[in-house]
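Take a look at the sequence and the model below.

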Amino acid sequence: RMSAIEIYNENLIDLFHKSTYNQAMGDQNPAKLVIVDLPSGVAVPALFLIPIDNEDDAYNLLLETFQNRIEAEHQLNRRSSRSHVIYTYYLTMTNSSSLSNKSNHTNNNNNNSNKKSLTAL
């Protein structure tokens, strides 16, 4: 799975969900994203998580987020994003031997999950 959140003008924008973009651009009835501090860590509960199955899916979604970013001109750069983006990938690796053994198929001890975040400043 993958999520992409842009921080622009002190607003959080889900790059996979149009209503949060509208919020940043001054929409009167926006869907507002908030950061919450949970015992398990910091989270953005309403953030979309998009399923991905392979590297091509991840790459194509990354390209989609580039198109959804907000751009604004300033004195030093005519095409500046003037924002920051956090890309988060949720990875699960399944031991192939557990898939062939049906008795172990439901055993989560053979899965390895990880979360990787990349930041574009």
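Strands S1 and S2 form a hairpin, with two residues between them. Asn 9 sits in the turn and has a positive phi of about 55 degrees. Strands here are DSSP runs of E with at least two residues, helices are runs of H or I with at least four, and both are numbered from the N terminus.

This is a predicted model: local features need pLDDT of at least 70, side-chain atom pairs count only at pLDDT 80 or more, and totals for chains, interfaces and linings use all residues. Residues are numbered from 1 along each chain as its sequence is written, and side-chain values use heavy atoms, with hydrogens and water left out.

## The sheet

S1 and S2 pair in the antiparallel sense over four bridges. Two strands count as paired if DSSP finds at least two bridges between them. Glu 6 has Ile 13 in S2 as its bridge partner. Ile 7 has Leu 12 in S2. S1 also pairs with strand S7 (residues 84–94), again antiparallel, over six bridges.

Four strands make up an open sheet, in the order S2-S1-S7-S8, with antiparallel pairing. S2 (11–14) and S8 (111–120) each have a single partner strand, so one side of each is left without a neighbour in the sheet. From one strand to the next, the twist averages 20 degrees. That angle is taken from 0 to 180 degrees between N-to-C directions, along axes fitted to C-alpha atoms.

## Inside S1

Six of the seven residues of S1 are buried, so the strand is largely enclosed by the rest of the structure. Buried means under 20% relative accessible area, exposed means over 50%, and partly exposed lies in between (1.4 Å probe, protein chains only).

Ser 3 belongs to S1 (residues 2–8). Ser 3 is buried, at 2% relative accessible area. Its bridge partner in S7 is Thr 88. Leaving out residues up to four places away in sequence, Ser 3 touches Phe 16, Leu 47, Phe 48, Leu 49, Ile 86, Tyr 87, Thr 88 and Tyr 90. Contact means heavy atoms within 4.5 Å.

Which side chain meets Glu 6 in a salt bridge? The partner is Arg 69, at 3.7 Å from N to O. A salt bridge needs a side-chain nitrogen of Lys or Arg within 4 Å of a carboxyl oxygen of Asp or Glu. Arg 69 lies in the loop between H2 and strand S5 (72–74), and Glu 6 lies in S1, so the pair ties together parts that are 63 residues apart in sequence.

Glu 6 is buried, with a relative accessible area of 0%. Arg 69 is buried too, with 17%. The structure holds one salt bridge.
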